[in-house]
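Work through the following exercises with the sequence and the model side by side. The model is a predicted one.

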Amino acid sequence: MSIEGDLLREPSGEGGRQLPRSAAHVVAVASRPSHVGLGARWTTHVNGWLLLLPAAVLLVTFTHYPAVATFIGSFFSTPKGARPAVFVGLDNYQAMIEDPIFWQALRNNIIYATSTIPLTIVLALFMAVAVNAKLVGRSFMRLAFFTPTVLPMIAVANIWLFFYSPGYGLADQVLSLFGVPAHNWLGDEHTALVCLIVVAVWKDAGFFMIFYLAALQQMSPHLSEAAALEGASRWYFFRRVTFPLLMPTTLFVLINAIINSFRLVDHIIVMTRGGPNNTTSLLLYYIYEVGFKFWDTAFAATLTVVLLVLLAAMALSQFVFLDRRIHYQ
Amino acid sequence: MKWLALLVGGAVLALASPAVAADVELSFYYPVAVGGPITKIIDGYAADFEKENPGIKIKAIYAGTYQDTLVKALTALKSGEPPDIAVLLSTDMFTLIDEDAVTPFDPLLTSDADKAWAKSFYPAFMENSQTGGKTWGIPFQRSTIVMYWNKDAFKAAGLNPDKAPDNWDELVAYGQKLTKRDGSNVSQWGVEIPSTGFPYWLFQGLTTANSVRLMNDAGTETYFDKPAVIEALRYWVDLSRKEKIQPTGTIEWGTTPKDFFERKTAIMWTTTGNLTNVKTNAPFPFGVAMLPAHNGRGSPTGGGNFYLFKKMTADKSAAAIKFIKWMTMPERAADWGIKTGYIAVRPDAWETPAMKQYVTDFPAAAVARDQLKYAVAELSTHDNQRVTKALNDGLQAALNGTKTPDQAMKDAQQEAARILRSYK
């Protein structure tokens with residue numbers, strides 16, 4: 001039973017960088033010429049599937065089935081009371097293309113994603129490098145940077161709501177020191193989305209910092225010593241050594257940041273409810289509104305299909321194109 | 001020996017169960033977060049009711065906000081386990097009818113006493129509870145919009161601290177005196193009419209004063225582009241952009257009371273449901289008044305009704321009627337109003353000794369009641385949330401200056417007509 005034993009002992013929690021090596025190891029173990037009979041191999045398969053079963057059941061029930069049901073539902077009308085759902089073909093998609101709020105939500109979401117993602121990543125990297133250095137009060141700084149992550153978004157949003165209140169809110173109080181007049185931050189169509197972007201960056205940067213910090217601490221000190229001997233500047237070392245070595249982490253962070261920018265809408269529900277006049281409505285918030293306020297479940301399903309396709313396309317392109325260009329040890 | 005104990009226990013349970021089965025259990029969805037003071041009041045009522053009516057059990061389920069409660073009730077309905085009774089927004093009446101979720105009260109009210117009970121509420125509250133000649137909701141926690149003013153600020157501005165602006169022109173004139181500027185900064189605004197979340201509701205405080213209605217009783221037509229509606233919106237926008245006595249852009253509903261306490265605004269419009277909050281937190285003497293008049297006077301009603309869900313057995317629906325009647329008795333309506341700040345829903349509740357005493361001690365409590373004779377139904381149509389969103393978007397666009405009031409209301413009307421075309 002060496003095969004099974006080895007498979008079970010194979011550590012599952014290894015870091016991304018070691019993955020190719022350990023995967024090769026698994027292949028080597030599995031293809032080792034064996035003298036086990038057909039019956040034992042059969043048992044191995046059954047055992048394997050049984051081990052996968054709990055996870056598979058959860059995945060199918062809560063991820064795959066809903067996704068497929070959503071896709072099917074988008075071709076039917078919304079059942080109302082005594083009227084059952086009927087097949088309507090592409091009607092829902094037609095309505096979606098004609099819906100200006102859908103386009104606005106999509107546009108808002110793209111602006112939101114393209115500004116939160118780079119800002120969060122740069123800030124996370126900057127904070128990680130800062131607290132990786134040897135300085136006094138390092139643990140305190142790490143804790144401070146990480147705190148926003150552990151607070152629940154609903155609570156955070158309620159606090160930020162008051163930060164942004166015109167006149168006596170924190171934002172206006174700080175700006176008034178520089179002579180900037182009070183501004184209705186969340187009530188102005190031009191500034192509302194920016195305010196939400198700031199909250200998202202503040203909330204996520206600390207979380208991603210932890211991943212960068214972990215990666216930095218795994219980096220061998222020999223590299224920096226060698227670079228110092230060769231006379232490389234710190235910036236040169238960061239650009240040519242640290243940053244490339246952090247690429248796997250950056251990929252991981254990037255994927256999470258993109259998912260977050262489409263997934264997290266709690267602060268919108270608390271702070272603006274998509275207003276003023278839909279300027280802060282993101283795709284998922286609009287889906288919530290259509291599904292659970294308008295009870296137009298078929299139309300909500302149609303919008304969800306768009307969101308799923310968008311996310312799937314982005315995840316695939318990242319794994320296919322970016323993954324090739326990332327240097328693993 | 002353990003199995004023996006289990007066996008005996010099982011037998012005892014089996015013997016006892018017929019008595020349990022005779023009890024009627026009513027599930028009751030109520031829109032409040034678990035654990036607050038309101039929960040305790042409701043739990044107390046349910047316990048008292050059970051004591052007086054053996055054989056009926058009330059299972060209160062605290063479901064969060066109105067929106068959460070509606071979502072939970074309709075989801076439960078779709079999975080075949082609807083609640084028996086629920087308190088939901090009066091404006092969700094058409095949604096609940098269209099979802100085939102609720103049943104009208106009329107067929108269940110057989111005796112003369114029952115019929116008299118259904119007529120005992122303020123007519124203003126029944127407007128959002130009846131359609132097509134049937135009663136679908138019984139008023140329970142209802143409110144209107146009132147105007148709160150800071151008496152200190154009035155005194156400082158040289159105004160009579162005991163007299164609120166009584167009409168639109170006075171509101172502007174007072175507001176100009178109350179707005180305090182230093183340079184480009186405003187340290188105190190004249191008035192704030194909040195415009196997030198449900199701006200249409202506060203807007204109805206303006207349209208009603210301009211003697212115009214926003215929809216028909218059947219909930220199939222809206223009148224957003226009528227000249228009087230546009231005029232009301234222009235007045236609202238002008239408070240900010242022309243008279244400059246109100247902040248520009250949308251004003252957050254949730255922080256408006258805080259603005260009032262912080263003296264950032266001298267006058268605010270908000271629900272009567274905030275009365276207890278203001279009474280506790282305002283660090284200055286304040287007054288409560290009806291909304292200012294223009295061509296007429298008035299405010300929309302708001303708040304929640306009792307609904308009966310379908311698929312109830314006959315003994316359950318009889319028990320449900322009994323419970324709702326008990327909850328809306330004059331003494332209880334008075335007690336509920338005093339404890340929460342909601343308006344007691346029937347005139348005879350205001351004649352009870354407890355309520356009379358309360359009004360003597362705190363006359364502001366009676367303002368909302370007196371305003372009821374001018375009150376109208378809150379905007380409610382078929383596909384309600386979508387129609388109100390069309391109006392809300394238009395209002396926010398106008399307040400932000402991205403559309404003129406005229407254009408905003410014409411667009412909103414066009415969108416509402418498109419949504420409602422299938423309900424004619």
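**Exercise 1: aromatic pairs**

Over all chains, a search of the whole structure finds 40 aromatic pairs. Classify the pair formed by A:Trp160 and A:Tyr164, and decide whether each residue is buried or exposed.

Solution. The ring centres of A:Trp160 and A:Tyr164 lie 5.5 Å apart, with 45° between the planes, and the pair is tilted. A:Trp160 has a relative accessibility of 12% and therefore counts as buried, since buried means under 20%. A:Tyr164, at 8%, counts as buried too.

Next, classify the pair of B:Phe140 and B:Phe306 and locate its two members.

Solution. The centres are 4.8 Å apart and the planes stand at 45°, so this pair is tilted. B:Phe140 belongs to strand β6 (residues 138-150) of chain B and B:Phe306 to strand β11 (residues 301-308) of chain B, so that the pair links parts of the chain 166 residues apart. B:Phe140 is buried at 3% relative accessibility, and B:Phe306 is buried at 0%.

**Exercise 2: charges over rings**

Which rings have the charged ends of B:Arg332 and B:Arg369 over them?

Solution. The charged end of B:Arg332 sits over the ring of B:Trp326, 3.5 Å from its centre, while that of B:Arg369 sits over the ring of B:Trp350, at 4.8 Å from the centre. B:Trp326 is also a member of an aromatic cluster that includes B:Phe140 and B:Phe306.

**Exercise 3: a pocket**

Describe the lining of the second largest pocket by class.

Solution. The pocket holds about 1400 Å³ of space, and its lining has 13 nonpolar, 9 polar and 15 charged residues. The largest share, 6 residues, comes from α18(B).

Key: Residues are numbered from 1 along each chain as its sequence is written. Chains are lettered from A and ligands numbered from 1 in the order in which they are written. This is a predicted model: local features need pLDDT of at least 70, side-chain atom pairs count only at pLDDT 80 or more; totals for chains, interfaces and linings use all residues. Side-chain values use heavy atoms; hydrogens and water are left out. On a 1 Å grid over the protein atoms alone, a cavity is a set of points where a 1.4 Å probe fits but cannot get out, and a pocket is an open set with protein on both sides within 12 Å along at least five of seven lines; lining residues have an atom within 4 Å of a point. Grid points are joined across faces, edges and corners, and a volume is the space filled by probe spheres set on the points. Helices (H or I, at least four residues) and strands (E, at least two) are DSSP runs, numbered from the N terminus. Ala, Val, Leu, Ile, Met, Phe, Trp, Tyr, Cys and Pro count as nonpolar, Asp, Glu, Lys and Arg as charged, and the others, Gly among them, as polar. Rings of Phe, Tyr and Trp (its six-membered ring) pair if their centres lie within 6.5 Å; planes under 30 degrees apart count as stacked, over 60 as edge-to-face and the rest as tilted. Buried means under 20% relative accessible area, exposed over 50%, partly exposed in between (1.4 Å probe, protein chains only). A charge sits over a ring if NZ of Lys or CZ of Arg is within 6 Å of the ring centre and within 35 degrees of the ring normal.
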